[in-house]
Structures are given as structure tokens and as C-alpha cells.
Amino acid sequence: MTERNNLPLALTRFIGREKEIAEVTRLLGDLPGFLNLEGLPRTRLLTLTGSGGCGKTRLALQVARDLTGFRNLSGLAPFPDGVWLIELSALADPALVPQTVASIFDLRASGNLAPMDLLKNYLREKNLLLVLDNCEHLIDACAQLAEALLTSCPDLKILATSREPLNIAGEITFRVPSLALPDLRGQPQGLPLHDLAQFEAIQLFTERARVAQSDFALTDANKAFIAQICARLDGMPLALELAAARVKTLSVEQIAARLDDRFHLLTTGSRTAPTRQQTLRAAMEWSYALLSDDERIVLNRVSVFAGGWTLDAAEAVTNPKSQKPNPKIENRNSKIEIQNTETAPAPIGISDLGFGILDVLSRLVDKSLVIAETRDGATRYRMLETIRQYAREELAQAESGERANVQNRHLEFFVKLAEEAEPKLRRAEQIIWFNRLESELDNFRAALDWSTRAEKIETGLRLGGALGQFWVRHGYWSEGHKRLVALLKSKGGEKSLARANALHLAAELSNRTGFFVEMRPLFEESIQMLRELGEEGKRWLGYALARYAWAYLDRDLALARTLIEEGIRTSRESGNLFGLGHCLVALGLATRRLSDFGTARSALEESAALFQTLGDMHMYALALNSHAVVDYFEGHLHKAKTSYEHALRIFQELNDKIGVGAAVVGLGDIARLQGNYAEASALLQKNLTLHRNMGQVHREVVLDLYYLGLLELTKGNLRESNEYLQESITQAHKANLRFWLPFLMDAFGYLAATVKLPERAARLFGAAEVLREQLQTPMPPVYRDDYEKYLPLARAQLDDAMFNAAFAEGRAMNLDQAIAFALAEIEIPDAPALSPRQIAKEKFDGLTAREREVAALIAQGKSNRAIADALVLSERTIEGHVTNILNKLGFNARTQIATWAVEKGLPREDKNHNDRK
């Protein structure tokens, strides 16, 4: 033969796979006269495995074509006798495999030599590569052929494609992965167009769509739908090509919307392609037909899992009795008789299988229908979504009740898992269990969906209630709220602990997602039900009262105090330390708002000790964070920063998004107060994005916006400040967060004073003051510096009579009038250039000229008394300046101030005394 290969010419461009081509070539190893890959794995039999449609054949052919074109420096080819393709997909008789291979080399039987012997004799002296394509339906015959040839022909190599390995000595398998996909999680706007176009799946879809429609292109308008199509089809090349062909008749948005019915959608493959590649269903049917009855049963049943599963979950759901063989099985395709009906669980469908599923699951992994992945020493299984949908269809068509019974098992397993996890989410092992719940999130969703469809409302409420802490702490607020409310509105479900817990969790999530009207009735119904449930309800009453109080701390402090007192009393009486700890945190938050810092600190210290004893690091960190807020309110910025940072580390370790936000907002404003504006902006902007992405519409967003408004005002960005403050007060008023309204009105007053609208400023200051009196919440010390800076600024622009009249008008406004006045449009001039004083403050970390003078004198080793004498000030005034310097710089010792002053090159600033404020 003169030809060196029989490879077909490619009619479409091969996309991507550079990594895979390099790896496959590397695994073939030590190619004669060409490659020298010492120290790397090598094999004479490499089998490309993967699910139908994953691109095994295309990859093998591309590697083969590349090898035929290679030459080394001496001009030698890696396979002097060629690269030869043997297509086996159309062959049905295993006995004809040797003859089919022999026909490629025009070898014909002569005498008594069988085709296998002819092949051995011919290939023994040859140096070539055989590509055996589509071996799975002839797997035994292909294995026998490969072993016989490789043991007889020393320079022969085989590259095979199969949905499962040949399983002979010396074989190396390479699982062909899906095409590279973009990870769109955390990318609400999607990736930039240029970045998206670099992914192989996007490239393949776009190019094949252009074949179907010549003017097709990836654009900003369609990129989100194309990315969705590629992700939902798992980057499977066959499915992407079939989907791309549909752009002739459907928009990409319509294609994406129809992927739940993908087997009817993706039916337009090439007429000349093998039958199994002309439709997506045909590709799945080809694989399914090669399975044994046992494998089909298990594959169908594991299709109820979403997002993967563990072995114990598979055993419980697919084979619920025991994993020991059942001697009373008549036939695996008929119902199983169970001798001891009193102890055996109710059968599901064709009931227990009578065999352990581990071996079957392993075979499904070998056949590329199930993917096994090991992380951190644990193995988890999953299916590509296309395979899962096909298996679910098969499950639905099984004998009557099969799918419902398997779904019921799935629901029960995940209810038990969530209920097992729930108490452990409050103990030392909480990180492990939160991670476990996160890994099973899609299964919990599927179980909750089934509980609603199957009208298993009480079971659904049990599951929803057990997942409450997970939803709250990991930021699944909108989803948790929607699911719980739907279950609570469904028919069924009597008065029970599960219902009571679901009610107060739904109320809490209503608060977090902005459904304020329904919040209070849900809390009230929950509390009443828990009281009526006696001792059973008392275990949860303190916790529910604390959460109810928490929701009203910024709305109705009197109600919150009443709820807290009952919660503390109930929890102490029942010995419920968990509920008591929550109530003590709520007490600390309430008394902090009243500026009763001693009581707040005491309550928070007791709660922190309780949660540390219980091992609940989340609540320990929350108590620590709340303690930081007390220090912050009192103006002890360095102490507050240390506590915030400690709490933040714990929250980050726990992946607790709420806690992270609570710590970061405090750190952001401390950075502002200390003059670190870039740090403050980065922290607060990131926090705002976090809370918006979580669907939060009130308190956390209100605070982020409020502190950003103050920051931009401090920096002189007046328009930006006004925009932040307007959105903040609008959200606060909508959510009735009354505690924060006077702070916001003061901030609007600061802005008005800055743009020389003193009468407006005075009215806003008056409105803020009267609201504080009504709430009985005095201004915390930390906010007095800003207030005492801007109030005199407004006063200085008016005579006393005019200022007092405007202030009185503000006090006379009701809440709605004050809000409307704050939101009234005002003319804001362009921001003025920074003055020399402002430039100096930014350069010196926010220190005023007077504070810089004090720092310079500290660096000279002077005491407070000596500094007071030098500057002709009281010693008490100097003590105040030193405290401010320590707070702004985040220091806790005079020696640190001295070092900082030297590093900054500070002289004693005794000139320009008019610029010291």
C-alpha cells in the first residue's frame, strides 16, 4: 500500500481542545523517531472515554491528522507505516471485528489463516497507529483484538474511542471533558464580550451557528442567551452543534427557553452523520441500549438527584432496604417479594434491587454515563444534564408509581439530612455542615419542589424549617422566603413545631427581602403557635422571640424590648442556652440604641461566652461584632476596629455573607473617620454590591448608602453624596427603619450647610432632633464630631433668630413632611477644588493641622502638660487631641504616633494658626 493513512478530510474547522490534544499526544509517549518524553507516562493503548456526543471521535481524528503531518528534525514521521482509522459504529457482529480491521489493509484470508492471524503477521513488522473508533457496542471483541495485536506487534500503538474502557493490561484511559465554559456565578451582568469569546463552547456554538446563518455573530445583545445554552448543554459538542443548527428558525433566546424539552428541540443533525449523531435523543438511546437491566434501573433512579449525590444517598434512594442480596427476588424486572413485611420498608417501584449498587454505579462511571469526582477525600457522583433528562424520562415511563416512590425516598433522605444538620449548624462542626448543605443545595431544591407537587406539605415544612439557618446565613433570602411562603399557603399542614418554625423563618426572610406587610402577622402566628405547643414549643420560643425583636429594633424599640424580656425569661426558665444567647444579643443591640452602653456591653459579653461554650462560632462572631458596634458608637475606634476584624475573619471562614457585611460596614466607616478614604470607598462599595446581589432592600443597603453618602461629603463629592443619601432615606422610610432616619436627616443637613443652604440645614437638624426625642435614642458620641462641625457652619451663615426659627420649623414637621423635605431637589454646585488644608488632611491620614502639631510635639518627647504649655491650651484639650489622633490612625500608644510623625516628616506647625480647624 502506498497510502500512509485513510483519514477523512474535515469539513468543518476543529475548535479548541489544545490542552486535550497535547495531553493525548503526551500519553501516547515515546513515539519512534519523533517524540522523546522521558519520565512521562506512556502507553501503547490509549482509550478516549466520555459520554455520547462529547467529541471523542473528533478529538481522536484531530490527533491522528496532526501525527500524520509531523516530522522530526531528520524528516522522519512518528509512524512511518501510517495512521489508520477503523470505524466500528455500523458493525453489529463482534466476530467480524478482526476481519473489518484486516480489510483496511486489503488483507484477505488465504489457506487456513484466520483474519486475526493475518493481522498479526502483517502488523508484526509495522510501525503504525490504529484508531479504533466507537468500540463500546463491541467492547469484548475490541479488547480481545487489542490485546492480541499489542502482544504480537511491538511497534504498534492503538488509539481507541469508547464510552467505557477496554479494561486490558497496559491501557490508559483519558476522559474527554466537556468544552471549556464560562463560570457566570457572581457575574450578574455576564462576562465582557471579548472574554466570553475565548471559551471553547462559545466558539463552537458561534461558528456552527454561522454555518446555519451566515450573518450570525456573538453580540452583547445575545451573549447571555448563548452562555446559558452552552452551560445548560454542559459544553457537549454534539448538543451544541444541534442547538446551533436551530438558529435558522429560532432566536437564541427561544432556543435557551426550550432546553427543558431538548430531545424534541435538538433533532436537526447532518443527514450524512451516523444515525446516533443526527439527534440528541439518538445519541442517548445508543448509550442506553448498551446497558444491562441493572444499570438501567440504577441510572433511572439516580436521575432524581440534582447537582450530584453521594454513595450513601444513592443507596438510600435507589435501594432503600439493605445492600445485602435479597434471596426472594424472582426477576429484576418484576416486583420483589419481601418475606418479612413487618420490618421491611415499603417497596418503591420494583422495590429493592437485591444487589448492592456500588458495582453498578462503578460500571455506569466506566460507561461515561455517571461522573465520579473526589474532593477532600470524598467521592461525589453526577450526570451531565442531558443524560439526566433522558434517564428521568425513562424513569417516568417505568412501571406505575416508580418515579413517585423514588422521589418520595429522595425527599425523605434530604429531610433527614437537613434535620441532622440543623442542630450541628449551631455547634463547633458548623463549618463542615454548612459546606455539606451547600453541596446538596440543588437536591434540597428538588426535594422541596416535589413536596409541593406531591402535596407533602408537612414534610416540606420540616425541610424548609431545618434549612432556615442555612438560607439566612448564606444569603439565600429571596429563595427561602418564596419557598416557605408557598408551603405555608398550600393546603395541608396542621399546627406543629415544623409549621411554627417555618412561620418565624418566613417572617425573618420577609423582613430581609422587603415584604414588610406580611412580616408581623407571620411572627405573631408563629409565637402564638409555639406558646400553644407547650414544652415542645418552648424549646424554640426564646429564639423566635429574639428574631421577632431583632426585626423591630430599628422600627419599634418598645415592642422589641417587651419581646426580649419575655424571651430571656422563657429561655432561662427552660434552660435553653441557644435561645437565651440570641435574646441577649438582641438586648445588647436594643440598649446600644438607647446609648445604655454598660447594659449593652454586659449582655453581649454574656452572649459571647454562651455561644463560645456552645461552639456556635457564627453567633459568637455576631456577639463580637455587636460589641464592636458598641465601641464604635462610643467613639473607641481602635477597639472597635480590632473586634470588627476578628469577627470578619470568623464570618469569612463560615462563608456567612450577612456577618461579612455587618463587619465590613463598620470597618468602612472607621476608615472614613480615620481619613483613609480609598479604603473606606472600596469596603463600602463592595458591601453595597454584596447586599444588592442578595436581594436586600432595606437595613444593610440603607447603612451602606448612608456611610457612602457621608464619605463622599467628606471628600467634597457633593452630587454623589446627595444621590447616596436620597436612596438611603427612601429605603429606610419604605422599610420603616425609624432609628436611622434622624441620622440621615442630619446628613442631609450637613450637605445643605456645605452648599450654603443654612435655613434648609437648620430645618433638617430640627426634624432630626425631634425624631430622636420621640424614639428616646440620643445621638451616640461617634456622630458628634460631624454634628458639631456642620451645625456651627450652618449657624454661622444665619443670624440666631433666623436659624432658631428654621430649626423650630423642622421640629414641627411630621415624619412624612420631613422625609419629603429631605428629598426635595436642591441645586448642588460643582465640587470646589481641594483647599490646601484639605490636601494636607488627606496627605496626613485625616489629621487636622492642630492634631499634626500635637503629633509633632509628641515626636519631640513632650508630655501632654508640656504640649499644652507650648500651644497655650488646657491639658484636657490636648488629651482630647491625642485620643483623636490615636483613633484616626488606629494606634494605641504614643510611641506609634511619634514614629508616624517622623515618617511623615512633620515639623512643629506653629505657623498659620488660622488654618488649624
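Visitor: Which residue in E4 stands opposite Leu128?

Guide: Strands of a sheet pair through backbone hydrogen bonds, either parallel or antiparallel. Please keep in mind that this is a predicted model. Here Leu128 stands opposite Leu156 in E4. Further along, Val131 faces Leu159 of E4. These pairs belong to strand E3 (residues 128-133) and strand E4 (residues 156-161), which are joined in the parallel sense by five bridges.

Visitor: In what order do the five strands form the open sheet?

Guide: The order is E2-E3-E4-E1-E5, and the pairing is parallel. Strand E2 (83-87) and strand E5 (171-175) are at the edges; each has a single partner strand, so one side of each lacks a neighbour in the sheet. On average, neighbouring strands of this sheet are turned by 20° against each other, direction ignored.

Visitor: How many bridges join E1 to E4, and how many join E1 to E5?

Guide: E1 and E4 run parallel and are joined by four bridges, with Leu48 opposite Thr161 of E4. Between E1 and E5, also parallel, there are five bridges; in that pairing Ile172 of E5 is the bridge partner of Leu46. On the other flank of our discussion, five bridges join E2 to E3 in parallel, and Glu87 stands opposite Asp133 in E3.

Visitor: Which residues point one way from E1, and which the other way?

Guide: In a regular strand the side chains alternate between the two faces of the sheet. In E1, Leu45, Thr47 and Thr49 point one way, Leu46 and Leu48 point the other way, and all are buried. Five of the five residues of E1 are therefore buried, and the strand is largely enclosed by the rest of the structure. E3 can be read likewise: Leu128, Leu130 and Leu132 point one way, while Leu129, Val131 and Asp133 point the other way, all of them buried. E3 is thus described as mostly covered, with six of its six residues buried.

Visitor: Which strands does helix H2 lie across?

Guide: Helix H2 (residues 56-69) lies across E1 (45-49), E2, E3, E4 and E5, and runs at about 150° to E4. Helix H3 (residues 97-104) also packs on the sheet, where it touches E2 and E3, and its direction makes about 140° with that of E2.

Visitor: Turning to backbone angles, what is the phi of Asn134, and is the residue buried or exposed?

Guide: Asn134 has a positive phi of about 65° although it is not a glycine. Asn134 lies in the loop between E3 and H5 and is buried, with a relative accessible area of 6%. Gln776, another residue other than glycine, has a positive phi near 55°. Gln776 belongs to the loop between H36 and helix H37 (784-796) and counts as exposed at 61% relative accessibility.

Key. Residues are numbered from 1 along each chain as its sequence is written. This is a predicted model: local features need pLDDT of at least 70, side-chain atom pairs count only at pLDDT 80 or more; totals for chains, interfaces and linings use all residues. Side-chain values use heavy atoms; hydrogens and water are left out. Two strands pair if DSSP finds at least two bridges between them. Helices (H or I, at least four residues) and strands (E, at least two) are DSSP runs, numbered from the N terminus. Axes are lines fitted to C-alpha atoms, for helices over the stretch in contact, and angles run from 0 to 180 degrees between N-to-C directions. Contact means heavy atoms within 4.5 Å. Buried means under 20% relative accessible area, exposed over 50%, partly exposed in between (1.4 Å probe, protein chains only).
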